[in-house]
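Biologist: I have the sequence and the model open side by side. Can we go through some of the residues and the helix packing, one point at a time?

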Amino acid sequence: TDSTSEAMRKLHRNRDEAKKKAADEMQSLDLLIKASKNEKLSLDDRLKAIDKLQRQIPGYITELDKETGKYKENKKALDDYIRSLEKKYELEGAKDMLADLGKEIAEATVKVNEAKAAADRAEKAGSGTTYTTSYGAVGNTTDDLKNRTQKDLSEANKVLQDKLKERQKILSAYGVELQKEVANAEEAEQQIEENNPPQFNN
């Protein structure tokens, strides 16, 4: 269906965008790695770069010799970091998509409600006027109104259902990770509150 293919396009676009953002961030990280290994730089500058690397990618630097600034790399830690960057940007994109869809769903719901109200008014309309078209067809103004409002309602419902299906596809792809992120964020906030109880002034 259209909603499924639209959701799939959005998911693919989101993954591609996440990879681009991660690649951009990796370029600056690559410069930092090169700086940490560049013996033309002072030992102090290399150790600063190493310190930044250790903070950014825990476990990446092993067996550091502070006298020479040389170290062994943990490639797995770097690969894990790259994957985590891509996942981070994918989840950010998913949140944006869901926020946009939330607005679209709200707008579609308003249109469905308006179309329902119009259809209800058409059902309560009087008998209408019978007419004959120039090519001999006979019609009724109330019947025309009922048909048009039912068609509008059907179209509004289709738009709403498509948006709901699209949201479900995105939630199927990212829902669990988003739920984990929310749960972990609440846990972190709770720990901060426990470590910093509120201060009351007397």
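Biologist: In which helix is the place of Asn-157?

Modeller: Bear in mind that this is a predicted model. Asn-157 sits in a helix, and that helix is α4.

Biologist: Is Asn-157 buried, partly exposed or exposed?

Modeller: The relative accessible area of Asn-157 is 29%. Buried would need a value under 20% and exposed a value over 50%. Asn-157 is therefore partly exposed.

Biologist: How far apart in space are Asn-157 and Val-112, C-alpha to C-alpha?

Modeller: In sequence, Asn-157 and Val-112 are 45 residues apart. In space, the C-alpha to C-alpha distance between Asn-157 and Val-112 is 6.0 Å.

Biologist: Thr-149 is also in helix α4. Is Thr-149 buried or exposed?

Modeller: The relative accessibility of Thr-149 is 7%. The limit for buried is under 20%. Because of that 7%, Thr-149 counts as buried.

Biologist: How far apart in space are Thr-149 and Gly-139?

Modeller: Thr-149 and Gly-139 are ten residues apart in sequence. From C-alpha to C-alpha, the distance between them is 16 Å.

Biologist: Which backbone oxygen lies 2.9 Å from a polar atom of the side chain of Thr-142?

Modeller: Thr-142 lies in helix α4, which covers residues 141–195. At 7% relative accessibility, Thr-142 is counted as buried. Not counting residues up to four places away in sequence, Thr-142 touches Ala-122, Ala-125, Gly-126, Ser-127 and Gly-128. The oxygen at 2.9 Å from its side chain belongs to Gly-126.

Biologist: What about Asn-140: which backbone oxygen lies 3.0 Å from a polar atom of its side chain?

Modeller: Asn-140 is in strand β4, residues 138–140. It has a relative accessibility of 12% and so counts as buried. Beyond four places in sequence, Asn-140 touches Ser-127, Gly-128, Thr-129, Thr-130 and Tyr-131. The oxygen in question is that of Ser-127.

Biologist: How many aromatic pairs does a search of the whole structure find?

Modeller: The search covers the whole structure, and the number of aromatic pairs found is one.

Biologist: What is the geometry of the pair formed by Tyr-60 and Tyr-71?

Modeller: The ring centres of Tyr-60 and Tyr-71 are 6.4 Å apart, with 65° between the planes. The pair links distant parts of the chain, with Tyr-60 in the loop between α2 and β1 and Tyr-71 in strand β2. Both tyrosines, Tyr-60 and Tyr-71, are buried. Planes over 60 degrees apart put a pair in one class, and for Tyr-60 and Tyr-71 that class is edge-to-face.

Biologist: Are α1 and α2 parallel, antiparallel, perpendicular or oblique to each other?

Modeller: The axes of α1 and α2 come within 7 Å and cross at roughly 135°. The crossing is left-handed. Residues making the contact include Leu-29, Leu-32 and Ile-33 of α1, and Ala-49, Ile-50 and Leu-53 of α2. Given the angle, α1 and α2 are therefore oblique.

Biologist: Is the crossing of α1 past α3 right-handed or left-handed?

Modeller: Helix α1 (residues 2–37) packs against helix α3 (residues 75–123) at about 140°, with the axes 8 Å apart. That angle makes α1 oblique to α3. As for its hand, the crossing of α1 past α3 is right-handed.

Biologist: Asp-100 is in helix α3. How far apart in space are Asp-100 and Thr-141?

Modeller: Asp-100 is partly exposed, with a relative accessible area of 41%. Asp-100 and Thr-141 are 41 residues apart in sequence. Their C-alpha to C-alpha distance is 39 Å.

Biologist: What is the phi of Glu-63?

Modeller: Most residues other than glycine have a negative phi. Glu-63 is in strand β1 and is exposed, with a relative accessible area of 58%. Although Glu-63 is not a glycine, its phi is positive, at about 50°.

Notes: Residues are numbered from 1 along each chain as its sequence is written. This is a predicted model: local features need pLDDT of at least 70, side-chain atom pairs count only at pLDDT 80 or more; totals for chains, interfaces and linings use all residues. Side-chain values use heavy atoms; hydrogens and water are left out. Helices (H or I, at least four residues) and strands (E, at least two) are DSSP runs, numbered from the N terminus. Buried means under 20% relative accessible area, exposed over 50%, partly exposed in between (1.4 Å probe, protein chains only). A polar contact is a pair of N or O atoms within 3.5 Å; within protein, one must be able to donate a hydrogen and the other to accept it, and residues adjacent in sequence count only if both atoms are side-chain atoms. Contact means heavy atoms within 4.5 Å. Rings of Phe, Tyr and Trp (its six-membered ring) pair if their centres lie within 6.5 Å; planes under 30 degrees apart count as stacked, over 60 as edge-to-face and the rest as tilted. Axes are lines fitted to C-alpha atoms, for helices over the stretch in contact, and angles run from 0 to 180 degrees between N-to-C directions. Angles under 35 degrees count as roughly parallel, over 145 as roughly antiparallel, 65 to 115 as roughly perpendicular and the rest as oblique. A crossing is left-handed if the near helix is turned anticlockwise from the far one by less than a right angle, and right-handed if clockwise.
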